Amino acid sequence: MGLARIVFWKEVLELSRDRRTLAVVVLMPLLGMPGLALLTGALYSQQRAVLGVYYEDPGASGVAAALAGWARQAAAGVGVGLEVVVGEGRPPPGCCDAIIYLPRGFYSNLTSIDRRATVVVAKLIASQAADAAYQAAMQAVDRLAGQVSRWRVEELARRAGVEVDPGVILGPLSVRNYLYKPSGAPATPGEAREAETARFLEFALIFVVNPAVVYITDAVIGERERRTLEALLTTPLGVRDVVLGKLAASSLLGFLASLADTAGVLAFFRLAGGALEPAPGLLALHAAVSGLLVLMTASLVAPVASRSETIRSAQAGGMAMLGVATAIYFAALFTDITSLPPAPRAALLAVPFTHAALAIQSYASGRLAGALLHLGVMAAVTLAGAAASVRLVSRERLVMVRE
Amino acid sequence: MDKNSDGAPLLDARGVVKTIRGRPVLSGVSLEVRPGEVHVLAGPNGAGKTTTMRVILGLARRDSGVVRLLGVDPEGPEARRVAGLVGYLPEDARPYGRLTGWENLYFYALVYAGGDRDRARRLAMEGARISGLPEEALARRASTYSKGMARRLLLARAVMHRPRLAVLDEPTSGLDVFSALRVRGLIRRLAGEGAGVLLSTHNLLEAQEVADRVTFISGGRTLCTCTVGEALDRFNAGNLEEAFVAAVGGGHGPG
């Protein structure tokens, strides 16, 4: 490192007093994921919806009451506060977020052996609360359909004088499930949950890239704009020392960010309270990927930032990279990159950020060698970026701000 | 400066040309700084003083011309060898705001001392002495400094390692009368100890007080280099300011 370690010392000293950057680096990952859990969980459950069960057929009042009861039971599963009202006649316009309506003739058709009974289920558009009410309504209707089907099978069997198990007639297929890994070896439900968890860990990488972009842009261009760089470049320090010292400081920042991100992910899973649970090995890999990701991002942003005329153009370049990384990590929530056709997969593999997601994905699916390969790609890109930074950064570019 | 006039020039620049984004900024600047000499670079705003300093220090690449800084080309591979023998104060430099005054000095001292902490501490203490800032101020973050205090700190940082050549761009800019006097004394002392000082200033009356020689530049070109006495005689002027006005406006300009 040579004289670069002196720059590293100065950077760390400055960084330790830079509350804003530290707040972004530590608080964003630490609060970002738990914040998402709170927002998507707590706020969602705060929603209120009204489901109206209306009947025009006087004989259907008992069925309406049963449907209302089942919908209330289903409400616990859909997560919103659901109020269920029962009324006779047509549903008044705008009364509810979702409606179950039993028209005239419903009951006689329902209780016959060979006729279909019509149920109208409606919902308000553009409302997540209405979606939840509709889900509860459909669960109640499905439950009614199941009970009526069972009764009809039993009635037909009675009339035919045969003994049957209605369950076998209504569900003629016996489906047995099992899970397996890419290697073909069987996977436990725990391993399947870990693979699901990995997708959230890939998404959480978004919170690590942002501080890296902010820090390195400020460290290179910010120093130029604060007029502290010019004299430094006339000392025995070379551009190489300055760049390497700053990148080394960013690795320390990366370490902090990875710790905060891992803690944030753990908090997310605790708050979400779901079945997903990161295993210690996966968490350790996530921390390693996060740290390397910060260093890689810094080494990619540094040459762009150092060749920018102003801090705004440097930030724009950094934000473009952040946008690419965010798109990839968001897409990783819904897409298995390895299952894509060759062309889009190759395009994604050419983007260094993709390898951070793939390292986690590979590890979670039991491919340790694959995970190490992707970590290796990240390390190689980091070294290439650092070398490019040293080569591309010119003193003149760093000093001659457009005035 | 007589005592050093036989020494080889610390800085020798001849016919330096520099174009920035297609615009000629320097189109033939020549100057020479000898050991023990205070050499003032004078010129109107936009004349190319700062660019000249950047080119001779290797911060900007020249298009043509020759520069020898302590005997080496500042753009060449040997430039780093002499970097520790040069001190530079840019015109609009600022200290690191999140570091204390002492830490600002110590950081540069560490660089000049190649990481040797004991030597760095001694250099930083010398810097603290040169700055004249009280201990309490040196213990504070530099972001709390007035412009004058920051300038004193930066000047001390630029010369605490006893450079053979100090390049000072507007060293007294923003300083009060007392601080400016102190800086002028420091500049004379540096030259007295055998260092060469190249300084640019808008304040030509101040320049007259400290300069051994002066180079007038205008439009990116050297108009003349002479001693203060020669300048006064040549332009029939009562002071350096009048000589400068005569030099720039008296048909000596580039066009």
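In this predicted model, R61(B) has a relative accessible area of 53% and is therefore exposed, since the exposed class begins over 50%. The side chain of R61(B) meets that of E75(B) in a salt bridge, with 3.7 Å from N to O. This pair links distant parts of the chain: R61(B) belongs to the loop between α1 (49-56) and β4 (64-69) of chain B, while E75(B), 14 residues apart from it, belongs to the loop between β4 and α2. With a relative accessibility of 24%, E75(B) counts as partly exposed. Elsewhere in chain B, a network of salt bridges links D12(B), R14(B), E32(B), R34(B), E37(B) and R213(B).

A further salt bridge connects R80(B) with D241(A), whose closest N and O atoms are 2.8 Å apart. Because R80(B) lies in helix α2 (residues 79-83) of chain B and D241(A) in helix α9 (residues 239-272) of chain A, this pair joins two chains. R80(B) is partly exposed at 41% relative accessibility, whereas D241(A) is buried at 3%.

Chain A is divided into domain 1 (4-41 + 189-399) and domain 2 (47-172), and the C-alpha centres of these domains lie 51 Å apart. Within chain A, K10(A) and E223(A) form a salt bridge of 3.1 Å, N to O. K10(A) lies in helix α1 (residues 4-16) and E223(A) in helix α8 (residues 206-225), so the pair ties together parts that are 213 residues apart in sequence. Both K10(A) and E223(A) are buried. Over all chains, the structure holds 37 salt bridges.

The surface of chain A also has a nonpolar patch of about 240 Å², made by V162(A), V164(A) and I169(A). Of these residues, V164(A) is found in the loop between α5 (128-160) and α6 (166-170), and V164(A) is partly exposed, with a relative accessible area of 39%.

Methods: Residues numbered from 1 in each chain as written. Chains lettered and ligands numbered in written order. Predicted model: local features only at pLDDT ≥ 70, side-chain atom pairs only at ≥ 80, totals over all residues. Heavy atoms only, no water. Patch = residues over 30% accessible without salt bridge, like charges linked within 9 Å, V, L, I, M, F, W, Y side chains within 5 Å. Areas by Shrake-Rupley, 256 points an atom, 1.4 Å probe, with all protein chains shown as cover. Salt bridge = Lys/Arg side-chain N within 4 Å of Asp/Glu carboxyl O. Helix = DSSP H or I, 4+ residues; strand = E, 2+ residues; numbered from the N terminus. Buried < 20%, exposed > 50% of the residue type's maximum accessible area, 1.4 Å probe, protein only. Domains from an automatic or database assignment.
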